[in-house]
Amino acid sequence: MSMGRFVNSMDPTSGLEVIRDWNGVAQVVLRSPKGASARVSLCGGQVVSWRNDRGEELLFTSSKATFKPPNAMRGGIQMCFPQFGYSGTLERHGFARNRIWSLDDEQPPLNHNDNGSKVSVDLILKPSEDDLKCWPHCFEFRLRASLSKDGDLSLISRIRNVNGKPFSFSFAYHTYLSVSDISEVRIEGLETLDYLDNLSHKERFTEQGDAITFESEVDRVYVSSPNVVAVIDHEKKHSFVIRKEGLPDVVVWNPWEKKSKTMVDLGDEEYKQMLCVDAAAVERAISLRPGEEWTGKLELSAVLSTNCSDHLDHPVSI
C-alpha cells in the first residue's frame with residue numbers, strides 16, 4: 001500500500017513520519033508538540049516505543065529481543081489476536097502480531113471529535129491464504145494509534161467479521177511497561193477481584209491484598225475488571241494510568257528470576273525492569289456475527305504518583 005500521504009506530510013507541523021528499521025520494515029513515528037513520541041511498526045502493528053516529553057522510554061524492550069520479521073519482538077505493545085496465550089489451536093498469542101500490516105488509506109470515521117489534538121496513524125490487517133487455512137474466518141482488523149498533545153498513547157482496535165458465518169476470538173494489548181524495580185511497584189484498581197491463576201491451571205481465586213505487589217512469578221487474568229487501573233512506581237515517582245473500553249479483563253504477568261533464565265530473548269535480570277499489564281478479553285471469547293464489528297480501546301498515561309488517585313475515578317474518554 002502506498003505511503004505517499006504520509007511521506008508528503010513529513011513537515012515539522014505534521015507530527016508524523018515514516019522511517020524504516022534495520023530490517024527495512026516501515027515504522028510510523030508519532031510526535032506531540034511537547035516532545036513526546038511513539039513508534040508503531042508495520043511488523044505486527046506493534047508499538048515499539050513510547051517516550052514522554054523528557055525523552056524517557058516508558059515501554060520495556062528486552063536487550064536480547066530478536067528483531068527478525070515477521071516475528072514479534074519481546075517488548076512494546078503486541079496485538080494478540082485471534083488467540084491469547086495457548087488457549088486455542090493457533091500459535092501463542094495468535095498470528096496478528098507476526099504479520100506485516102498495511103497503512104490504511106480507507107479508515108472509516110471513528111465518531112468522535114478530538115479537535116485535532118491528537119496525531120494518529122491507521123493500520124489494517126487482513127488474513128492471508130495461509131491464515132485462512134489455520135483459522136478459516138475472514139476479518140478486517142483496523143488499528144488506530146494516537147498520541148495526544150500531552151503525550152498520552154491511545155490504541156483503538158476494530159475487528160469486523162466479513163465472513164459468511166460467525167466466529168469467536170480472544171484479544172489482548174500485550175503491554176510491557178518499563179519499571180524501575182518490580183519489587184517497588186504496585187497495581188491499584190484490581191483489589192477484591194476474582195482472577196484466574198495460570199500458575200495453578202487457571203484456578204479461580206479472589207484478590208486479597210489492598211494492592212498487587214510482586215515478590216515472585218505472577219501470571220493472572222483478573223476478570224470483570226474496572227476500566228481504569230494504575231501502576232505505581234515508587235522509585236520513578238510516576239504512575240501509569242491504564243484506561244480501557246470493551247476489554248473486561250486485565251492480564252498481569254512477570255516471569256521473575258527462574259523463568260527468565262529459561263527465556264532466550266530475555267536477560268536473566270531484566271524481569272526487574274518490566275511488568276506486563278494487558279487490557280484483554282480472555283475469559284470469555286468475543287463473538288461476531290457476519291457484518292458485525294467489535295471495538296477495544298486502550299489509553300496509557302504517565303502521571304506523577306501524587307496525582308494518581310484522581311485518575312482512578314476518571315471516566316474513560318479515548
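**Close-up views, one legend each**

**View 1. His201 lies in the loop between S12 and strand S13 (203-206).** (Strands are DSSP runs of E, at least two residues, and helices are runs of H or I, at least four, all numbered from the N terminus.) This is a predicted model, where local features need pLDDT of at least 70 and side-chain atom pairs count only at pLDDT 80 or more, while totals for chains, interfaces and linings use all residues. Residues are numbered from 1 along each chain as its sequence is written, and side-chain values use heavy atoms, with hydrogens and water left out. Look at the backbone of His201: phi is near 55°, a positive value in a residue other than glycine. Most residues other than glycine have a negative phi. His201 counts as exposed because its relative accessible area is 79% (buried is under 20%, exposed over 50%, partly exposed in between, with a 1.4 Å probe and protein chains only).

**View 2. Thr192 brings another positive phi, near 65° and again in a residue other than glycine.** The loop here runs between strand S11 (185-188) and strand S12 (194-197). Thr192 counts as exposed, since its relative accessibility is 61%.

**View 3. A cis peptide bond leads from Phe81 to Pro82.** Omega is near 0° for this bond. Most peptide bonds are trans. Pro82 sits in the loop between S5 and S6. From Phe81, follow the chain for eleven residues to Arg92: the two C-alpha atoms are 9.7 Å apart.

**View 4. Arg92 belongs to the loop between strand S5 (77-80) and strand S6 (102-103).** With a relative accessible area of 29%, Arg92 is partly exposed. Beyond its neighbours within four places in sequence, Arg92 is in contact with Arg74, Gln83, Gly85, Tyr86 and Arg97 (contact means heavy atoms within 4.5 Å). Keep an eye on Gly85 and Tyr86, since both turn up again in the next view.

**View 5. The largest pocket has 21 lining residues.** Nearest its centre are Gly85, Tyr86, His93, Asn198 and Asp219. (On a 1 Å grid over the protein atoms alone, a pocket is an open set of points with protein on both sides within 12 Å along at least five of seven lines; lining residues have an atom within 4 Å of a point.) Four strands each put at least two residues into the lining: strand S10 (167-178), strand S15 (218-222), strand S18 (249-254) and strand S19 (274-288).

**View 6. Ser41 is in strand S3 (residues 37-41).** Its relative accessible area is 3%, so Ser41 is buried. The side chain of Ser41 reaches the backbone nitrogen of Cys43, at 2.9 Å. Who else is around Ser41, not counting residues up to four places away in sequence? Ser41 touches Val25, Ala26, Gln27, Gln46, Val48 and Leu123.

**View 7. Ser225 sits in the loop between S15 and strand S16 (228-233).** Leaving aside neighbours within four places in sequence, Ser225 is in contact with Leu190, Leu193, Lys244, Pro248, Asp249 and Val250.

**View 8. Ser301 is part of strand S20 (residues 293-304).** Ser301 is buried, as its relative accessible area is 3%. Which side chains does that of Ser301 meet in polar contacts? One partner is the side chain of Asp152, at 3.3 Å, and another is that of Arg243, at 3.5 Å. With residues up to four places away in sequence left out, Ser301 touches Trp50, Asp152, Ser239, Phe240, Val241 and Arg243.

**View 9. Zoom out, and the protein chain has four helices and 20 strands.** Of its 318 residues, 54% count as buried. Among contacts between residues at least 6 apart in sequence, 64% join residues at least 24 apart.

How values were computed:
On a 1 Å grid over the protein atoms alone, a cavity is a set of points where a 1.4 Å probe fits but cannot get out, and a pocket is an open set with protein on both sides within 12 Å along at least five of seven lines; lining residues have an atom within 4 Å of a point. A polar contact is a pair of N or O atoms within 3.5 Å; within protein, one must be able to donate a hydrogen and the other to accept it, and residues adjacent in sequence count only if both atoms are side-chain atoms.
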